[in-house]
Amino acid sequence: MNTASTHQSLRARAYENFRQQILQANVQPGQFVSQRELMQLLDMPLGAVRELIPRLEAEGLLRTVPQRGLQIAHVDLKLIHNAFQLRAMLEREAALHFVQSVSDADLASIEQAHLDIVQRAEQGPITDELLTEATSVDWGLHDLMIDTLGNDLISQTYRINSLRVRLIHLERSTLSAEVLLPAMQEHLNLIAALKSRAPQAVAEHVAFHIHSAHQRVLGQDRRVLSTPSRQDKLTATPA
């Protein structure tokens with residue numbers, strides 16, 4: 001491998017390592033770190049970290065604070081509203097394309113993954129391991145819809161915004177035991193609309209799901225899941 005390729009590989013790996021630190025909740029919104037600490041956290045050489053910093057600053061994931069060091073993005077109301085507005089716009093477009101292109105077999109597989117999570121949650125207990133798996137299933141559907149557009153620019157923009165949303169969730173709200181089943185139900189309602197090949201219903205369910213996530217982050221979603229029958233839950237529609 002030539003020097004230029006090695007250099008590019010180091011920068012890409014440094015960025016991916018930073019992304020994983022957010023996804024694994026190893027860094028917190030507003031946290032201060034030095035370049036040396038970031039080096040150790042990412043397991044990358046100082047040169048790669050220094051080159052990474054301008055990119056993270058441009059993406060709004062990090063900022064340099066004079067005499068204090070590097071600060072992971074601080075979550076405020078403006079960031080929350082902007083991130084969820086962008087998410088709603090991108091995912092609506094992606095969902096309208098996805099409903100026309102996704103295969104029945106893929107939808108069946110996606111639905112089964114959600115039903116498996118629901119079944120395990122209902123049987124209890126809801127463990128950290130289950131919450132981690134549920135988060136993967138949750139974000140997996142959103143990522144798939146975006147990537148099915150086949151537009152690298154949109155996928156990149158969405159991935160960056162997803163990191164902002166994940167930072168928001170770290171500070172404001174996570175996929176907790178209380179919201180696991182409501183969130184999975186919102187996805188199942190969306191999947192049902194996808195299976196029916198109903199674009200308008202798909203758009204409405206995407207909008208409702210993102211709005212619900214936004215409200216949960218703001219602390220305005222006070223729903224407590226009752227214990228209706230499985231059939232009631234699987235046929236429920238958004239209010």
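Predicted model: local features only at pLDDT ≥ 70, side-chain atom pairs only at ≥ 80, totals over all residues.
Colleague: What makes Glu111 and Lys195 a pair in contact, and how many residues apart in sequence are they?

Modeller: The word contact is used for heavy atoms within 4.5 Å, and once its neighbours within four places in sequence are left aside, Glu111 is in contact with Leu188, Ile191 and Lys195. Along the chain, Glu111 and Lys195 are 84 residues apart, while from C-alpha to C-alpha they are 9.6 Å apart in space. For the protein as a whole, residues 24 or more positions apart account for 75% of the contacts with a separation of 6 or more.

Colleague: Why are helix 4 and helix 9 called roughly antiparallel?

Modeller: Helix 4 (residues 77-101) and helix 9 (residues 199-218) pack at an angle of about 160°, with their axes 9 Å apart. Angles over 145 degrees count as roughly antiparallel, and helix 4 and helix 9 are therefore given that description. Their crossing is right-handed.

Colleague: Which residues bring helix 4 and helix 9 together, and of what class are they?

Modeller: On the side of helix 4 the residues include Leu77, Phe84, Ala88 and Val99, and among those they meet in helix 9 are Val202, Val206, Ile210 and Leu218. Sorted by class, this contact has 15 nonpolar, four polar and three charged residues.

Colleague: How do you know that helix 4 is roughly perpendicular to helix 6?

Modeller: Helix 4 and helix 6 pack at an angle of about 70°, and their axes are 8 Å apart. The range from 65 to 115 degrees counts as roughly perpendicular, so the angle places helix 4 roughly perpendicular to helix 6. Here the contact is made by Arg87, Leu90, Glu91, Ala94, Ala95 and Phe98 of helix 4, together with Leu141, His142, Leu144, Met145 and Ile146 of helix 6. By class, the contact of helix 4 with helix 6 has eight nonpolar, one polar and two charged residues.

Colleague: Why is Asp43 called exposed, and what is the value of its phi?

Modeller: A residue counts as exposed when its relative accessible area is over 50%, and Asp43 is called exposed because its value is 66%. Asp43 is placed in the loop between helix 2 (35-42) and helix 3 (46-58), and its phi is near 55°, a positive value in a residue other than glycine. Most residues other than glycine have a negative phi.

Colleague: What makes Gln67 exposed, and where is its place?

Modeller: The cut-off is again over 50%, and Gln67, with a relative accessible area of 88%, is therefore exposed. Its place is in the loop between strand 2 (62-65) and strand 3 (69-72), and the phi of Gln67, near 70°, is likewise positive.

Colleague: Where is there a cis peptide bond?

Modeller: The peptide bond from Gly124 to Pro125 is cis, with omega near -5°, and Pro125 lies in the loop between helix 5 and helix 6 (128-147). Most peptide bonds are trans.

Colleague: How many helices and strands are there in the protein, and what percentage of its residues is buried?

Modeller: The protein has ten helices and three strands. Buried means under 20% relative accessible area, and such residues make up 42% of the 239 residues in the protein.

Methods
Residues numbered from 1 in each chain as written. Heavy atoms only, no water. Axes fitted to C-alpha atoms, helices over the stretch in contact; angles between N-to-C directions. Helix = DSSP H or I, 4+ residues; strand = E, 2+ residues; numbered from the N terminus. Parallel < 35°, antiparallel > 145°, perpendicular 65-115°, else oblique. Left-handed = near helix turned anticlockwise from the far one by under 90°. Nonpolar A, V, L, I, M, F, W, Y, C, P; charged D, E, K, R; others polar. Buried < 20%, exposed > 50% of the residue type's maximum accessible area, 1.4 Å probe, protein only.
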